[in-house]
Amino acid sequence: MTEDARAAGTAGAAPDGGRPVALAARGLHVRFGAARAVDGVELEVGAGEIVALVGESGCGKTTLARGLLGLVRPAGGTVEHGSRPLVRTKAGLKEFRRHVQLVLQDPTGSLNPRHTVYEAVAEGLRVHRVEGDEWERVAGALSRAGLRPPERFFLRRPHELSGGQRQRVVIAGALVLEPDVLVADEPVSSLDASVRGEILALLLRLRAELGLSVLVVTHDLGLAWNIADRVAVMYLGRIVETGPAADVLLSPRHPYTKALLSVVPEVGRMEPVLLTGEAPDPSRIPAGCRFRPRCPAYAAGVPADVAARCETVSPAVLPAGDGHHTACHLTEPAAP
Ligand code: SF4
């Protein structure tokens, strides 16, 4: 176990039910100058599991996703695919990226307007020099992404497609390499409400049919509610709460998760909590609990012994009942 695992706790970030691990961050740190964008994260995505990584914009979730994809060099810690650590050689990264594919949020930006659908989907096969019948593989990926019959889409260009069809082409471009993990960064945020449900249903179907693992990065807790098996909540570079989606979203334990959920109409059944205090800044992480300057529970008054710990000790991720694991001194189990 790494130092970070000891400090942050690992169990809360682990998949349930003894699933094998598909993708994991082990004590991962990513820094940009003085900014600790990812600050010792333990997170696992199980085989066939959908995990939603949620948090406000700027909390480090996209940087963590890029770290998990091997797109940024970590300042510390490791990424594992299956039980194997990512080897950061050119060949190691290329092999890893065949198995762990990124689905970007803006299909218009991620598709070359001059390329046909066929060329867009075949690109990954050519980059990775995949042998076999290219036509068959492209057609199969488009079908799995719900573009049927696939031949009808081969010669179309992005501007001839709807937003939902473009997102399906992006997903087909990932599927063509037969990955076992998709990392989807805000996969439906640029789509109309009517199409969002279709793309989420597609991700659920791909998990069921292909056994894919999916890490969905989103600021939208309603989306997490609709799709995720497990939720991990991130604040200022750290995971502060994890657990089965229904448990975390229906009875959050961490004050930050409670505040996020209080303004989500689908799942929020509590008084809206406005977060005040300093805007989070990863280059100036507060001492003690990093959420303390904005914590409504601390501001409302906690017992003196807890307050002293909030001010001086960074809370570890520990069991907090009902499958939750949280990083908060208020929910820490009593010392034996
Ligand atoms: Fe709030 Fe203290 Fe819990 Fe941090 S440890 S979230 S400051 S109560």
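Mentor: H7 passes helix H8 in a right-handed crossing, where right-handed means that the near helix is turned clockwise from the far one by less than a right angle. Helices (H or I, at least four residues) and strands (E, at least two) are DSSP runs, numbered from the N terminus. The model is predicted, so local features need pLDDT of at least 70 and side-chain atom pairs count only at pLDDT 80 or more, whereas totals for chains, interfaces and linings use all residues. Residues are numbered from 1 along each chain as its sequence is written, and side-chain values use heavy atoms, with hydrogens and water left out.

Trainee: At what angle do the axes of H7 and H8 cross?
Mentor: The axes of H7 and H8 (residues 193-210) cross at roughly 20° and come within 10 Å. Axes are lines fitted to C-alpha atoms, for helices over the stretch in contact, and angles run from 0 to 180 degrees between N-to-C directions. H7 and H8 are therefore roughly parallel to each other, a term for angles under 35 degrees.

Trainee: Which residues in H7 and H8 meet?
Mentor: From H7, Gly164, Gln167, Arg168, Ile171 and Leu175 take part; they meet Val195, Glu198, Ile199, Leu202, Leu203, Leu206 and Leu210 in H8. Contact means heavy atoms within 4.5 Å. By class, this contact of H7 with H8 has eight nonpolar, two polar and two charged residues. Ala, Val, Leu, Ile, Met, Phe, Trp, Tyr, Cys and Pro count as nonpolar, Asp, Glu, Lys and Arg as charged, and the others, Gly among them, as polar.

Trainee: And how do H5 and H7 pack?
Mentor: H5 (residues 117-127) and H7 (residues 163-175) pack at an angle of about 30°, with their axes 7 Å apart. H5 and H7 are therefore roughly parallel to each other, and H5 passes H7 in a right-handed crossing. Val117, Ala120 and Val121 in H5 meet Val169, Ala172 and Gly173 in H7. The contact of H5 with H7 holds five nonpolar residues, one polar and no charged.

Trainee: Changing topic, how much space lies in the largest pocket?
Mentor: The largest pocket holds about 670 Å³ of space. On a 1 Å grid over the protein atoms alone, a pocket is an open set of points with protein on both sides within 12 Å along at least five of seven lines, while a cavity is a set where a 1.4 Å probe fits but cannot get out; lining residues have an atom within 4 Å of a point. Grid points are joined across faces, edges and corners, and a volume is the space filled by probe spheres set on the points.

Trainee: What lines the largest pocket?
Mentor: Its lining has 24 residues, of which Gln101, Leu102, Glu123, Gly124 and Gly173 lie nearest the centre of the pocket. Helix H3 (90-99), strand E6 (100-103), H5 and H7 each give two or more residues, and H5 gives the most, with five.

Trainee: How many cavities are there?
Mentor: There are four cavities of 30 Å³ or more, and about 110 Å³ of space lies in the largest cavity. Of the 15 residues that line the largest cavity, Cys289, Cys295, Tyr298, Cys310 and Cys328 are the closest to its centre.

Trainee: Where is the cis peptide bond?
Mentor: The cis peptide bond joins Arg148 and Pro149, with omega about -10°. Pro149 is in the loop between helix H6 (134-144) and H7.

Methods
Angles under 35 degrees count as roughly parallel, over 145 as roughly antiparallel, 65 to 115 as roughly perpendicular and the rest as oblique.
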